[in-house]
Structures are given as structure tokens and as C-alpha cells.
Amino acid sequence: MFEGLKKKFSDFVDGLSKKEKNEGEQAEASAPEEKREESRKGPDVTLTTKIKGAFLGKVKVSEKDAEPFLEQLRVALLETDVNYDVAERLVTKLHDNLVGKEVGTQNIQKELRNEIRNSLMQTLTKNSGIDILQRAREKKQKGEGPFKVLFLGPNGAGKTTTIAKMAHMLKSNGISCVISASDTFRAAAIEQAVIHAKRLGVDVIKGVYGADPASIAFDAVAYAKAHGLDAVLIDSAGRQETNKSLIEELKKMVRVNKPDLCIFIGEGIAGNSLLEQVKQFDQAAKLDGVILTKLDVDAKGGNTLSILSDTTVPVLYFGMGEKYTDLVPYNPQFVVDNIVPG
Ligand code: GDP
């Protein structure tokens with residue numbers, strides 16, 4: 001699945017080698033075969049840096065050395081759906097870290113590449129996540145249940161499917177739950193929640209099409225209390241962050257039902273719009289986390305970099321397919337490898 005991206009990065013690496021070729025042509029002509037091999041393998045530094053390095057064992061990365069790396073990183077970031085402004089800021093930060101840095105001459109390419117990977121990893125691990133299972137267990141042990149989770153986000157992002165995956169995960173770990181089919185905006189969504197619940201062997205509370213979603217969630221919480229269920233997973237109608245009345249409705253759901261967690265469900269394949277959505281939904285309903293779906297559909301997860309660099313909201317899980325078991329914990333290494341393969 002990442003072959004295309006890996007190929008792009010190797011092309012970038014090859015491109016850099018070519019760019020440096022003119023400057024290094026004379027030296028290359030007389031270099032032994034393994035030297036030529038090395039220059040084909042990765043981005044290279046300038047001839048001046050190489051000559052200095054040959055004498056000193058260590059070299060300072062010059063502006064000229066860093067530039068081709070940074071230019072190609074900029075392209076890799078944009079190609080993996082990182083927001084433009086965020087990409088620019090990351091590149092500038094890396095520029096400041098790299099230029100003037102002393103690196104060993106043994107494997108300059110690898111050192112620079114690692115520097116970039118470490119910097120991306122820092123951003124990707126900036127907001128500490130929450131353990132949903134642990135939180136549900138704690139509430140259960142204290143007898144303060146049910147544990148309420150509201151799922152929100154744009155239409156078609158995968159809310160209902162993710163709720164089903166979450167119900168499966170909770171149930172497999174001994175946490176019983178009921179699904180609140182509160183996406184009353186679409187009759188099909190209610191039906192979909194009912195089908196998932198039936199397949200999973202969990203209860204579902206639904207209203208009629210167009211009913212007040214807050215009151216359905218309220219009923220689901222009452223049902224959970226009456227039946228000693230540990231968790232309530234609340235669906236909601238998909239909405240755009242720009243739709244004022246639907247955002248007001250969402251605020252009402254939060255006021256009435258006081259969820260323990262508000263989780264934003266967004267598409268991993270959404271480009272620049274995703275960051276704006278997360279910011280707006282966070283303003284409306286104070287998000288506790290993000291789950292990105294459809295990472296199995298040619299998504300590289302670069303937009304996690306945008307979310308983590310510009311908000312305080314953690315990314316919790318990736319949706320990696322349509323099966324109930326396709327909900328996997330957020331994996332920053334997966335994102336780094338997609339942007340700059342190690
Ligand atoms: P909602 O409108 O936000 O509730 O979105 P749905 O749960 O109805 O999902 C919309 C479509 O996306 C459905 O066809 C799902 O099967 C599909 N979907 C959801 N999550 C994933 C995922 O992680 N990977 C893939 N490939 N498809 C997904």
C-alpha cells in the first residue's frame with residue numbers, strides 16, 4: 001500500500017543526487033564504485049561539506065546542504081495531506097534545527113534523515129491520548145456508570161461504523177454497552193445502527209426519523225442505568241462545522257447528556273479541511289480525541305500532523321477497514337514512515 005509513497009521518496013532521493021551531480025561531477029568521476037553507489041542511495045551534501053568532512057570527521061550542515069532535503073520534505077508533507085501552513089512551519093523548524101548542526105561524516109544522509117524523522121515524531125506525540133477502555137473500566141469500578149461517549153463529525157466520515165467497532169472492542173473487554181441511534185437526520189443511519197447492534201449482540205435505543213437526538217441519548221442513558229450496562233455509545237447526525245443550527249443541536253446534546261468523552265470522527269483521506277473541522281468541533285463540544293477513518297484507502301495519515309501541531313486534541317485510533325476489528329490504536333510511527341521512510 002505504501003509502495004507508491006516509498007517510490008516517491010526514493011525518486012526524491014535520486015533527484016537530490018542528480019541535483020548535486022554537477023557540483024560533484026569531477027569528484028564522482030574519480031571516485032571508487034562504492035562512492036557512486038552511496039550517492040545513488042540518498043540525498044547528498046555539497047562538495048565543500050564533503051571535502052571538509054574528509055579532513056575533520058565531522059561537518060556542519062550548511063544552508064546549501066539542507067535546502068534540497070527541506071524542499072523535498074515540503075513536497076512529501078503536502079503529498080501526505082499535511083495542511084499547507086503546518087507544512088511550512090515544520091519545514092522552517094527543521095531548517096533551524098539542521099543548519100549549523102554538526103554531523104558525523106560517516107553517514108550524513110542517514111543522520112539528516114533521522115533528524116527529520118525525530119522532529120516529525122516529536123510533533124506526532126505532542127498531545128497525550130486517553131485510554132478509552134481504562135476510563136470505562138474506572139467508571140464501572142466506581143459504580144458511577146454508565147460511561148458515555150458522544151461521536152461527532154461530518155457526514156459519511158464513518159461515525160456509525162466506528163461506534164460499531166468501539167462496541168465490539170468494549171464488549172470483547174468485558175464492558176457492556178448500548179448504542180444510542182441518535183443520527184435521526186437520516187432514516188438509513190438509524191437502520192444501520194440497528195443492524196450493527198444486532199450483529200454485535202448489543203442493545204440499541206432508537207427514535208423515529210427526525211426525533212430529538214438529545215432525548216434519544218437521554219433514553220439510552222436511562223436504559224443503561226436500568227439494565228446495569230457499563231457504557232452508552234451515542235451516534236449523532238453528520239454535520240459540517242459551518243452549519244450553525246446543527247452545531248447548536250450538538251451543543252444541546254452535550255448539555256443534556258454530559259458525555260464523558262466527545263470523540264471527533266474524521267476521514268484520514270480528508271485534506272486541508274480536516275484541521276478546520278477539528279478546530280470548529282472542538283470549539284463547539286470540547287473534543288477529547290480524534291479517530292481517523294479510512295486509513296486503509298490510500299491515506300498516509302499526514303493530516304494527524306496538522307491536528308497535533310495546531311490543536312491540543314489527541315489522535316486516539318485509526319480506522320483501517322470496514323470490519324469490526326479494524327480499529328487500531330493511533331500509531332505515529334506509521335505516519336513518520338509514510339512521510340520519510342526510514
Ligand atoms: P457516518 O455517516 O459518519 O455514520 O459514516 P458511516 O459509518 O455510515 O460510514 C460511511 C462509509 O464509510 C460506509 O460505507 C463505511 O463502511 C465506510 N467506512 C467507515 N470506516 C471505514 C474505514 O476505516 N475504512 C473503510 N475502507 N471504510 C470505512
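So, which strand pairs with β3 over 4 bridges in the parallel sense, at residues 231–234? That's β6. Pairing here takes at least two DSSP bridges between two strands.

Quick housekeeping before I go on. This is a predicted model, where local features need pLDDT of at least 70 and side-chain atom pairs count only at pLDDT 80 or more, while totals for chains, interfaces and linings use all residues. Numbering runs from 1 along each chain as its sequence is written, and side-chain values use heavy atoms, leaving out hydrogens and water.

Okay, back to β3, residues 147–152. Strands are DSSP E runs of at least two residues, helices are H or I runs of at least four, and both are numbered from the N terminus. β3 also pairs with β7 (261–267), again parallel, over 4 bridges. Take V149: L233 stands opposite in β6, and in β7 the bridge partner is L261.

How many of β3's 6 residues are buried? 6 of 6, with buried meaning under 20% relative accessible area, using a 1.4 Å probe and protein chains only. F147, V149 and F151 point one way, and K148, L150 and L152 the other.

Now, over to D183, in the loop between β4 (177–181) and α9 (187–200). D183 is buried as well, at 4% relative accessible area. A polar atom of the D183 side chain sits 3.3 Å from the backbone nitrogen of F185. Skipping neighbours within four places in sequence, D183 has contacts (heavy atoms within 4.5 Å) with A189, I190, D235, S236, A237 and G238.

Key: Buried means under 20% relative accessible area, exposed over 50%, partly exposed in between (1.4 Å probe, protein chains only). A polar contact is a pair of N or O atoms within 3.5 Å; within protein, one must be able to donate a hydrogen and the other to accept it, and residues adjacent in sequence count only if both atoms are side-chain atoms.
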